[in-house]
Amino acid sequence: MPDASIGASDHSGWAVLVTVTADGTLLDRRRIELVASDLPKLPHHHEAQKLPLEDALDLIERVRVSAETHAKVALDALALAASSRILRIAIRECPPLPPTVAERLQNYRAQNVADTVMYRMALAGAAEARGWAVHWYQRKNVLDAARDALHVADLDAHFINLRKSIGPPWTNDHKVAMAAAIVAASDGRS
C-alpha cells in the first residue's frame, strides 16, 4: 500500500481528519475532539476575558494541555488504524500572534485566533512526535492546488463522485482536509 498523508480541517476544539494516498485514494475520514468536554473550547476569546490574569493563564494552560493530549491520542488511533504508513499531516497556516498568552489576551485580533492556533499547534506537535512532517496550507488556495496535483479539470466533480461512492458524512471540511492531504502528499514527492 502506498504511503499516506493526513489533511486537517480544524475548528474550535475539534477537527476533521482525512487520510489519503498521493493519488487521492481515500483511506480514512474522521472527526476528532481536541479538548476535554469539561473545558471551554475558546478560552482566549471567551472565558479568560472574564477572569483575573493569573486564573485566565491557568485556564488556557489546562486547555492547551488537554488539546495536546487529545491530539496525541487521536493521531495514535489513526496511525494504528491506517493501512498505510503515514508520513505527513497538512494543517492550516497559523497567523502570527503576540509572544505571550497575556499579550494575546489583551490584543483583540489575537483573542479571535489564538484558540484555533493552539489546536493547530497541538496537532502539529503530536504529528512531529510521531516523526511525521507538517505541511502548512492556506485554505484560500488549497482546493486549486489539489486540482492541479491530481491533474483533474473539475475537483468538485471528483468530490461528488467520491461522495457517491463512500456516502455521508462528506462536508466542506472533508473536502478541504482531503485537498490539503493531497497537496501535502504531492509536495512530499518533490
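This is a predicted model: local features need pLDDT of at least 70, side-chain atom pairs count only at pLDDT 80 or more; totals for chains, interfaces and linings use all residues.
In which sense do S1 and S4 pair, and over how many bridges? S1 and S4 pair in the parallel sense, over four bridges, where two strands are said to pair if DSSP finds at least two bridges between them. Strands and helices here are DSSP runs, numbered from the N terminus, with at least two residues (E) for a strand and at least four (H or I) for a helix.

Residues are numbered from 1 along each chain as its sequence is written, and side-chain values use heavy atoms, with hydrogens and water left out.

Let me start with the sheet. Five strands form an open sheet in the order S3-S2-S1-S4-S5, with mixed pairing. Strand S3 (26-33) and strand S5 (133-137) stand at the edges with a single partner strand each, so one side of each is left without a neighbour in the sheet. On average, and ignoring direction, neighbouring strands of this sheet are turned by 20° against each other; angles run from 0 to 180 degrees between N-to-C directions, and axes are lines fitted to C-alpha atoms, for helices over the stretch in contact. Helix H3 packs on the sheet and touches S1, S2, S3, S4 and S5, its direction making about 150° with that of S5; contact means heavy atoms within 4.5 Å.

Turning to the individual pairings, Ser-5 stands opposite Arg-88 in S4. S1 and S2 pair in the antiparallel sense over seven bridges, and Ala-8 stands opposite Leu-17 in S2. The hairpin of S1 and S2 has three residues between the strands, and in it Gly-13 takes a positive phi near 95°. S2 and S3 also pair in the antiparallel sense over seven bridges, with Val-16 opposite Arg-31 in S3 and Arg-30 of S3 as the bridge partner of Leu-17. The hairpin of S2 and S3 has four residues between the strands, and there Gly-24 takes a positive phi near 90°.

Is S2 mostly covered or mostly uncovered? S2 is mostly covered, since eight of its eight residues are buried, where buried means under 20% relative accessible area, exposed means over 50%, and partly exposed lies in between (1.4 Å probe, protein chains only). In a regular strand the side chains alternate between the two faces of the sheet. Both faces of S2 are covered, with Trp-14, Val-16, Val-18 and Val-20 buried on one side and Ala-15, Leu-17, Thr-19 and Thr-21 buried on the other.

Ile-6 lies in strand S1 and is buried, with a relative accessible area of 0%. Not counting residues up to four places away in sequence, the residues that Ile-6 touches include Leu-17, Leu-75, Ile-89, Trp-132 and Ala-181. Ala-90 is 84 residues from Ile-6 in sequence, and the two are 6.1 Å apart in space, C-alpha to C-alpha.

Ala-36, by contrast, is found in the loop between S3 and H1, and is buried with a relative accessible area of 19%. With residues up to four places away in sequence left out, Ala-36 touches Ser-66 and His-70.

Finally, a pair of helices. The axes of helix H4 (residues 139-150) and helix H5 (residues 155-166) come within 10 Å and cross at roughly 80°. H4 and H5 are therefore roughly perpendicular to each other, a description that covers 65 to 115 degrees, with angles under 35 counted as roughly parallel, over 145 as roughly antiparallel and the rest as oblique. The contact is made by Leu-143, Ala-146, Arg-147 and Leu-150 of H4 together with Leu-155, His-158 and Phe-159 of H5.
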